[in-house]
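The entries follow in the order in which I looked things up.

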Protein chains: 2
Amino acid sequence: MKPIQVGLMGLGTVGAGVFHVLSRNQEEIQRRAGRGIELTMVSRRNLDAARDIVGDRVRIVADAREIIANPDIDIVVELIGGYGIARDLVLEAIAAGKHVVTANKALLAVHGSEIFAAARAQGVMVAFEAAVAGGIPIIKALREGLTANRIEWIAGIINGTTNFILSEMRDKGLDFDVVLKEAQRLGYAEADPTFDIEGVDAAHKATLMSALAFGIPVQFDRAHIEGITKLSATDIRYAEQLGYRIKLLGIAKRQAEGIELRVHPTLVPSKRLIANVEGAMNAVMVQGDAVGTTLYYGKGAGSEPTASAVVADLVDIARLATADPDHRVPHLAFQPDSLASTPILPIDQVRTAFYLRLCVADQKGVLANITRILADSDISIDAVLQRESAEGENQTDLIILTHETVEGAMRHALTQMQSLPTVLAPIVSLRKEELA
Amino acid sequence: MKPIQVGLMGLGTVGAGVFHVLSRNQEEIQRRAGRGIELTMVSRRNLDAARDIVGDRVRIVADAREIIANPDIDIVVELIGGYGIARDLVLEAIAAGKHVVTANKALLAVHGSEIFAAARAQGVMVAFEAAVAGGIPIIKALREGLTANRIEWIAGIINGTTNFILSEMRDKGLDFDVVLKEAQRLGYAEADPTFDIEGVDAAHKATLMSALAFGIPVQFDRAHIEGITKLSATDIRYAEQLGYRIKLLGIAKRQAEGIELRVHPTLVPSKRLIANVEGAMNAVMVQGDAVGTTLYYGKGAGSEPTASAVVADLVDIARLATADPDHRVPHLAFQPDSLASTPILPIDQVRTAFYLRLCVADQKGVLANITRILADSDISIDAVLQRESAEGENQTDLIILTHETVEGAMRHALTQMQSLPTVLAPIVSLRKEELA
């Protein structure tokens with residue numbers, strides 16, 4: 001099957017991410033999609049800047065309408081943003097029979113009903129996983145993963161800028177204005193941060209999620225929106241004393257009389273996972289009547305995290321063209337004729353760090369003997385904890401954390417350490433992962 | 001379009017959940033799927049026990065093969081478990097041209113290659129979202145949501161029994177044997193808990209995820225498996241002192257030489273979200289080269305959480321029958337002609353709890369006046385915190401947490417409190433959500 005041809009309107013940070021991800025993971029993506037996905041055309045005013053990103057193999061045009069006019073393009077990716085020209089271009093692309101992938105939450109939250117109706121009339125898809133929570137597949141979870149449920153509520157940290165600011169205010173006890181300036185300096189907040197700090201961006205995303213959860217049209221104009229500009233360090237501190245953290249949440253909740261749709265700073269019990277989502281990370285909680293509470297966490301913005309969602313939408317559309325059960329989504333994610341023969345490694349070749357607990361004689365030279373055995377096996381030590389022995393006791397616990405090593409080396413070292421006369425009991429060894 | 005007909009083999013806890021969820025959310029599910037999903041036939045040896053669950057409107061048979069033989073049945077749900085009869089029945093259902101939905105991780109981890117090949121040859125789906133992490137849509141995330149990524153590793157708490165035991169051991173400082181007995185008494189561990197506590201169940205799930213992530217065949221026999229039976233309270237305590245928690249993780253990781261596939265107790269930094277997943281909850285971290293770290297959290301077992309995944313698979317298959325872009329997955333999750341007119345509520349009708357900070361004169365009767373105003377508005381108080389005023393200071397901060405109320409009532413009360421002469425500055429009010 002011939003590769004699906006993609007044209008990209010607006011080659012900024014996310015657009016560059018889409019190009020890099022599609023190029024780098026080309027082979028793996030094709031094994032999943034069952035056909036190639038080729039970025040063949042991009043539009044950007046500044047042609048030279050575009051060429052610096054995509055080189056010479058992709059056609060670069062200044063006018064996005066050239067992409068729409070090209071009959072070879074199957075899918076148009078809209079990454080221009082805003083409600084103005086982006087709305088015209090999306091509607092024109094749909095009218096031209098192109099599928100559309102977009103990260104534009106503002107556009108869909110405000111003009112979604114018009115755009116989805118146009119797409120329906122033309123029999124094309126408008127895919128928007130990248131519009132909410134960046135690379136976290138939350139649209140797919142709501143639209144496909146949780147279809148069994150009557151959704152009761154959604155509550156999400158869906159704006160990284162404000163979560164970064166709130167984390168810093170709490171950590172450092174600083175006031176909003178001070179932290180905003182720091183966030184701007186570090187690139188976590190834009191020069192004009194209004195949309196983020198006033199909660200408008202979060203409200204766009206909450207509006208989209210409210211429609212997906214409750215089967216209602218997008219109604220951004222009905223959302224209640226409060227930002228974080230008036231929040232003081234004092235209230236963050238009092239909340240902490242009472243066992244709460246303050247997060248800017250986008251909330252959509254079903255009540256007997258209707259739907260609540262609101263964005264505002266919210267006290268959340270400190271022990272909830274979502275209260276511990278720090279910095280620019282995003283997380284969305286979804287409460288369904290069958291599944292109970294679920295939570296989805298990850299990077300909500302940035303070049304490649306957002307590109308991850310855009311490209312997933314491209315794969316969904318590529319898979320659509322072969323919609324028999326065998327092809328749409330392969331059982332094991334990759335096409336059955338594309339499985340790899342990569343071996344599963346024997347445990348001796350596995351790499352992890354280790355926690356060791358040794359019951360040792362409380363005498364000189366014990367630690368030296370043990371560390372020499374580890375060093376001889378090329379295992380380096382990260383931390384040592386020695387329990388103080390009680391008076392009259394002649395043995396003690398020695399805890400060692402190692403850096404990463406291959407398991408075979410550790411097993412060899414363990415045998416040697418175990419045979420030392422000063423090691424008085426079987427050594428406990430546990431693996432350790434930083435998961436970072 | 002006529003409803004899709006489902007037959008259910010094995011009406012136990014999860015089967016009952018599937019029946020209840022399909023019955024209760026029938027209308028909502030149909031609005032999402034675009035057609036009805038009808039459970040018309042179930043099999044269970046004990047017909048009376050089955051009738052107690054599904055009543056008289058569903059046909060009950062003792063022999064599961066009657067379901068397979070029924071030409072009206074489109075999808076067979078296999079909830080029998082194990083590799084024995086379940087394998088025969090799944091292969092027979094496929095041979096009969098039925099789609100299969102299963103929660104059976106053991107079967108797929110061991111016989112997946114054979115079963116998927118048979119399904120391919122027949123052009124039917126074998127869907128298994130319920131096989132890993134219950135209601136969390138992690139199969140969908142790996143198979144569709146993260147398709148842009150070269151997956152680097154997956155690490156998951158994918159067995160609720162062992163996570164419950166480890167949480168209790170840490171919380172109460174008790175040893176494994178003691179906590180296991182308690183878990184059995186509370187129903188968190190089975191009478192024969194071997195598969196859970198020895199890590200076999202987690203290894204089945206990790207095997208499935210390794211195939212989805214890396215495009216390799218399922219190879220359960222190559223997994224390295226260690227359970228939690230030898231873990232002591234001592235090591236949990238030392239790990240805590242060093243800033244780590246011990247979790248039973250299923251890990252699949254890409255190395256230069258091959259894939260690591262392993263289940264074992266693992267030290268994890270206490271500050272990671274996954275280290276704070278307590279009790280019988282599950283969570284899976286996925287690291288992709290584009291998206292970075294993502295995490296998926298929810299209930300990994302139980303009647304309705306598992307049914308949530310089974311029914312999502314049924315909806316996926318129902319949507320497959322209408323695979324044009326317009327129908328496969330509707331833009332807003334629900335079919336466009338099924339959107340609801342449920343209103344979005346004005347903020348006055350929103351229900352939340354509140355945090356109030358009042359700067360008040362430090363004199364008698366102040367608190368009484370304020371609490372009377374709240375009581376008159378039917379707002380009940382959850383907690384009060386009063387800062388001790390410094391010597392000579394004649395004002396202080398009064399912090400009040402309320403129970404849930406409608407916003408309109410709170411606004412009315414705020415106006416009245418603000419007008420008290422003993423309230424010396426604008427009152428700060430913030431909303432509070434328990435998210436439980």
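On the side of α2(A), I listed Ile29(A), Arg32(A) and Ala33(A) as making the contact, and on the side of α13(A), Val311(A), Val315(A), Ala318(A) and Arg319(A), where contact means heavy atoms within 4.5 Å.

**Sources.** I noted that this is a predicted model, in which local features need pLDDT of at least 70 and side-chain atom pairs count only at pLDDT 80 or more, while totals for chains, interfaces and linings use all residues. Residues are numbered from 1 along each chain as its sequence is written, chains are lettered from A and ligands numbered from 1 in the order in which they are written, and side-chain values use heavy atoms, with hydrogens and water left out.

**Surroundings of α2(A).** The buried residues of α2(A) are Glu28(A), Ile29(A), Arg31(A), Arg32(A) and Ala33(A), buried meaning under 20% relative accessible area (1.4 Å probe, protein chains only). They pack against α1 (13–24), β2 (37–43) and α13 of chain A, and also against β7 (151–157), α11 (200–214) and β9 (244–254) of chain B. After α2(A) comes Gly34(A), whose phi is positive, near 85 degrees.

**Sheet in chain B.** I then traced an open sheet of six strands, in the order β3-β2-β1-β4-β5-β6 (chain B), with parallel pairing; helices (H or I, at least four residues) and strands (E, at least two) are DSSP runs, numbered from the N terminus, and two strands pair if DSSP finds at least two bridges between them. β3 (59–61) and β6 (126–127) of chain B stand at the edges, each with a single partner strand, so one side of each is left without a neighbour in the sheet.

**Around β4(B).** Strand β1 (residues 4–9) of chain B pairs in the parallel sense with strand β4 (residues 75–78) of chain B over four bridges, and Val6(B) stands opposite Ile75(B). Four bridges also join β4(B) to strand β5 (residues 99–102) of chain B in parallel, with Ile75(B) opposite His99(B). Ile75(B) and Val77(B) point one way from β4(B), Val76(B) and Glu78(B) the other way, and all are buried.

Definitions and conventions
Buried means under 20% relative accessible area, exposed over 50%, partly exposed in between (1.4 Å probe, protein chains only).
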